[in-house]
Amino acid sequence: MKISTKGRLVTTTALATIGLIAAMIWWANKEVEDANSKRRQTNEIARGLNELRLVTFEYMLHRSERAQQQEREVSQRLAQLIETNPFSGPTQSEVLADLRERSATTHRIFEELIAAPAADSTNPVDNELIRRFEAQLSSRLLILQQENLADAFRLADFSTERINAAQQRVVVVILVGLALIALSTGGAAWLIDRSVLAPIGKLEQATREVASGNWNYKLDIGSEDEIGEMSRNFDAMTVSLRTSFAQIERSNQELAALNKEIESFSYSVSHDLRGPLRSMDGFSLALLEDYGDKLDDEARDSLQRIRAASQRMGRLIDELLGLSRVTRAELTIRPVNLSEIAHAISDSLNQQQPTRHVQWVIEDGIIVQADKSLMQIAMQNLLENAWKFTSKTDQPVIRVGAIKRDGMQECFVADNGVGFDMAYADRLFGAFQRLHHESEFPGTGIGLAIVQRIFRRHEGKIWAQAQPGLGATFFFQLKEQDHE
Amino acid sequence: MASETHRRVRTLVIALGALMVVAALALGYGGRRGLFAGSAAPMEKLSIALPTTPHAALLFIAAAKGYFAQEGLDVTVTRVSHGKAALDLLEERKVDLASAAEVPFVISVLKGARLGIAATVVSVSTEMALVVRRDRAIAVPHDLAGKRIGVTFGTSGEYFLWAFFIRHKLAPDSVTMVDLPPGQMVKALTQGTIDAAATWEPVKSEAFVALADNALSFIAADAYTVTHVVIGHSEFLNARPEAIERLVRALLKAEEFARSEPKHALTLVADQLKLDLKVAQAGWKDLDFKVNLRQSQLVTLEDEARWAMARGYVAKGPVPNFLPRLYLPALLAVQPERMTVVR
């Protein structure tokens with residue numbers, strides 16, 4: 001059964017019990033009201049009977065007309081009071097019937113007593129008979145009125161018993177209701193413990209096991225409810241994660257193998273390829289120096305071309321090794337002052353080509369969280385590019401600065417050089433990609449690839465905005481580091 | 001965290017369990033009071049002398065239905081013809097208790113017997129009657145003057161006759177009273193040795209059957225209500241309060257049976273008394289079976305005492321106090337509302 005269904009069942013039971021208690025209390029209250037009404041009526045009857053007894057005694061003592069009249073009035077009122085039967089129980093009805101009969105007899109005997117001749121006969125036998133007759137009637141009146149009063153009290157007792165019974169029933173119903181509510185609450189608590197808390201405890205244990213690396217842990221809660229479903233999903237998830245992690249592990253191993261191959265390749269490039277290149281350059285130089293005078297101009301030009309090509313290839317190899325190092329270098333993140341780096345590079349460039357007059361606009365205090373040596377390489381490439389591509393500009397300006405955009409710091413290197421067509425911007429950061437011919441602006445075409453890789457290593461990004469003839473601006477953004 | 005929650009839930013469950021136990025105990029309390037009443041004590045022996053008349057119906061029912069045994073009483077019943085005979089056995093100490101009308105009880109008390117009434121078992125106003133022979137020119141009560149009337153002396157029959165005469169303003173010595181035991185009453189009537197008989201059921205019905213159309217009866221409902229009671233020696237009643245309480249409980253069960261199943265009760269009583277069902281049925285509905293002790297009984301007992309002295313059963317003197325002769329504790333313990341005696 002679903003937990004939600006169990007919950008609804010428990011709630012319904014509790015609500016039904018409360019409803020039952022309310023109905024029983026309402027019913028008992030009606031009973032009490034009805035019984036109270038009957039008790040009031042019974043008290044009226046008892047009061048009437050008491051008054052009847054009083055006037056009967058008064059008549060017996062003084063034989064007064066007033067007592068006779070009062071007896072008749074009370075008898076009449078009493079007869080009206082007991083005429084209708086408000087009771088439903090057979091015993092009460094029986095008592096009331098006895099009361100009616102005895103009341104009628106009492107009044108009849110009282111009338112006989114009034115009608116009895118006075119004991120003033122001269123015959124003593126007659127006097128004795130009359131005296132005995134009156135004594136007998138008086139005794140009967142006394143007995144009947146006592147019985148009537150006792151019965152009136154019995155009727156009152158019935159009403160009281162009914163009230164007591166109703167009150168006791170309410171107590172019993174409340175106790176039973178409380179027991180039922182306690183039972184359903186206990187049942188709910190037990191259900192929650194068994195169906196929710198215990199499985200959640202297992203789930204918690206399972207998450208701890210998985211977090212500690214035990215990917216083979218199986219939760220396996222066999223219930224058919226929501227938590228059972230969640231358990232099955234959890235187990236499916238761990239199976240899926242196990243498979244994914246195995247694949248990642250394999251990929252990592254393959255990656256490590258590839259890295260080793262790259263290392264090996266780099267070694268080969270740096271050592272195996274450099275040797276022949278140096279030989280080509282060296283022997284070409286030796287030919288020029290030793291036999292230059294024996295060679296014609298064309299031969300010497302060819303040798304010069306061989307030397308230039310081999311030197312260029314050497315630089316290409318150096319650039320490739322640089323790219324490789326950038327990829328593999330360990331990062332040491334700390335605050336780096338880009339402004340200082342830019343000033344140092346600009347000074348170096350100015351010294352290298354003192355004939356050029358480039359206007360450097362470098363904003364002070366540009367601080368980023370990064371690896372200083374890699375940022376040195378990135379800024380070197382960006383500023384050398386700007387230097388190079390403003391070589392044909394009349395009044396070259398190179399700017400280094402930072403702006404805030406959407407709360408993030410963006411740094412830039414801008415120049416007013418030749419610029420480029422943004423249609424080719426996607427090729428800009430590819431290795432060996434060039435937007436200008438080498439004869440126009442010399443270079444290997446690997447510098448921006450290195451720059452982009454450096455920013456990727458920092459989880460940052462770089463992008464460019466340019467227009468042909470108006471210059472180019474390279475923006476870069478670095479991931480904000482947490483300050484601890 | 002999870003284990004803490006588990007612990008709290010278990011504590012809650014235990015607390016709720018405890019609440020339910022308390023509720024169950026509270027619910028059971030009311031039932032237990034009735035459950036254990038009178039069931040564990042050993043059986044008490046009692047011997048009772050009962051008249052073979054419907055007036056002792058409740059006692060016969062209690063015996064036949066096993067109510068005495070249910071209440072832990074081992075009752076031995078001795079059957080006699082009428083209440084006075086049962087009282088005689090009691091006075092001879094042959095039985096522990098007897099069932100009889102109040103009149104023989106009053107006479108015995110006046111004679112010095114220290115008896116007590118444990119409970120009333122039946123009252124009846126219209127059963128006691130004068131059965132007369134029409135052929136003796138008796139049509140109205142005043143025609144009885146000078147006639148011979150059979151009556152069992154010292155019984156409620158004699159007191160009824162006395163009350164009947166007063167009710168009709170007749171001098172008791174205007175007739176001749178013939179002392180006859182109940183068993184000879186019908187024969188005397190049919191043979192004509194008496195003109196009328198003051199008697200009760202089942203003799204009354206038997207007389208009617210015997211006289212057929214020649215029978216006529218007079219009653220005096222307003223003059224006398226016969227009350228039959230269970231009587232014991234006061235010292236016995238005081239010494240065996242537990243037994244008397246059980247007896248009262250058994251009688252109350254019998255009363256409830258007679259009320260709820262009157263036909264079954266009548267059949268059972270007729271069978272017990274070896275009476276023809278029709279004879280037993282006559283007057284059955286007039287019998288008011290109620291186990292109680294009433295204040296009004298004291299008035300009747302005192303009237304009967306005055307009559308007994310007037311009739312010469314004992315020497316004239318002050319009417320004795322009958323209040324100590326009513327044994328109240330049993331009824332007070334079992335159903336106090338049945339006891340209306342002023343204390």
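Is B:Ala137 buried or exposed, and how many other C-beta atoms lie within 10 Å? B:Ala137 is exposed, because 10 other C-beta atoms lie within 10 Å; a residue is called exposed at 12 or fewer such atoms, buried at 20 or more and partly exposed in between, with C-beta atoms placed from the backbone.

The model is predicted, so local features need pLDDT of at least 70 and side-chain atom pairs count only at pLDDT 80 or more, while totals for chains, interfaces and linings use all residues. Residues are numbered from 1 along each chain as its sequence is written, and chains are lettered from A and ligands numbered from 1 in the order in which they are written.

Helices (H or I, at least four residues) and strands (E, at least two) are DSSP runs numbered from the N terminus. Strands of a sheet pair through backbone hydrogen bonds, either parallel or antiparallel. Here two strands pair if DSSP finds at least two bridges between them.

Strand β1 of chain B (residues 44-51) has 8 bridges to β2 of chain B (residues 73-80), in the parallel sense. β1(B) also runs parallel to β3 of chain B (residues 97-101), joined by 2 bridges. B:Ile48 has a partner in each of these strands: B:Val77 in β2(B) and B:Leu97 in β3(B).

Further along chain B, 5 strands form an open sheet in the order β7-β6-β8-β5-β9, with mixed pairing. Its edge strands, pairing on one side only, are β7 (176-179) and β9 (215-219) of chain B. From one strand to the next the twist averages 25 degrees; axes are lines fitted to C-alpha atoms, for helices over the stretch in contact, and angles run from 0 to 180 degrees between N-to-C directions. Within this sheet, β6 (residues 148-151) and β8 (residues 196-199) of chain B are parallel and share 2 bridges, and B:Gly150 stands opposite B:Ala197. Helix α7 of chain B (residues 182-191) lies across β5 (129-133), β6 and β8, at about 155 degrees to β8(B); contact means C-beta atoms, placed from the backbone, within 7 Å.

Most residues other than glycine have a negative phi, and most peptide bonds are trans. B:Ala137, in the loop between β5 and β6 of chain B, has a positive phi of about 60 degrees. B:Arg93 has a positive phi near 60 degrees and sits in the loop between α4 (83-91) and β3 of chain B. B:Arg93 counts as exposed because it has 9 C-beta neighbours inside 10 Å. A cis peptide bond, with omega about 5 degrees, joins B:Glu201 to B:Pro202, and B:Pro202 lies in the loop between β8 and α8 (203-211) of chain B.

Note on methods: Contact = placed C-beta atoms within 7 Å.
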